[in-house]
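Me: I'd like to learn how to read a fold from a model like this one. Can we take it feature by feature?

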Amino acid sequence: MANELILVVEDNDKNRKLVRDVLTFKGYAIIEAETGEEGLRLARERGPRLILMDIRLPGIDGIEAFRRLRAEPATREIPVMAMTASVMTEDRRKIMEAGFDAYQGKPIKVKDFVVAVEQLLQRRG
């Protein structure tokens, strides 16, 4: 599984650095975007195996970016994990109803996060 490309769409520097550090330590290749629009562009250009998507982003939010990914044949099949500090039941329900493949609350719990990433990558084989 190592060296698989993961796109991290996150506008918070500290959160992005934590995810980058954890995943590069595990051997994954990381590309990063700070906005939903930039995330869409990188997803189209680079075709990552997994996208980690913050929900609250400048410009289009993570849910809208996710809908656009699913609307395009080139990015439709890429698994997307929502990552958000919004852990209220209603927020989680809205995120999962949008169709995300997985959900991680922030701050991330590193062990649970790594397991969730590995499961999504294995699911797609």
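Me: In what order do the strands form the sheet, and is the pairing parallel or antiparallel?

Reply: A quick note before that: this is a predicted model, where local features need pLDDT of at least 70, side-chain atom pairs count only at pLDDT 80 or more, and totals for chains, interfaces and linings use all residues. Residues are numbered from 1 along each chain as its sequence is written, and side-chain values use heavy atoms, leaving out hydrogens and water. Strands (E, at least two residues) and helices (H or I, at least four) are DSSP runs numbered from the N terminus, and two strands pair if DSSP finds at least two bridges between them. Here 5 strands make an open sheet, ordered β2-β1-β3-β4-β5, with parallel pairing. β2 (29-33) and β5 each have a single partner strand, so one side of each lacks a neighbour in the sheet.

Me: Which residue stands opposite Ile-6?

Reply: That's Leu-50 in β3. Strands β1 (residues 5-9) and β3 (residues 50-54) pair in the parallel sense over 4 bridges.

Me: What aromatic pair does the structure hold?

Reply: Rings of Phe, Tyr and Trp (its six-membered ring) pair if their centres lie within 6.5 Å; planes under 30 degrees apart count as stacked, over 60 as edge-to-face, the rest as tilted. There's 1 aromatic pair: Phe-66 and Phe-100, stacked at 4.1 Å centre to centre with 20° between the planes. The pair links distant parts of the chain, 34 residues apart: Phe-66 sits in helix α3 (residues 62-71), Phe-100 in the loop between α4 (89-97) and β5 (102-105).

Me: Are Phe-66 and Phe-100 buried or exposed?

Reply: Buried means under 20% relative accessible area, exposed over 50%, partly exposed in between (1.4 Å probe, protein chains only). Phe-66 and Phe-100 are both buried.
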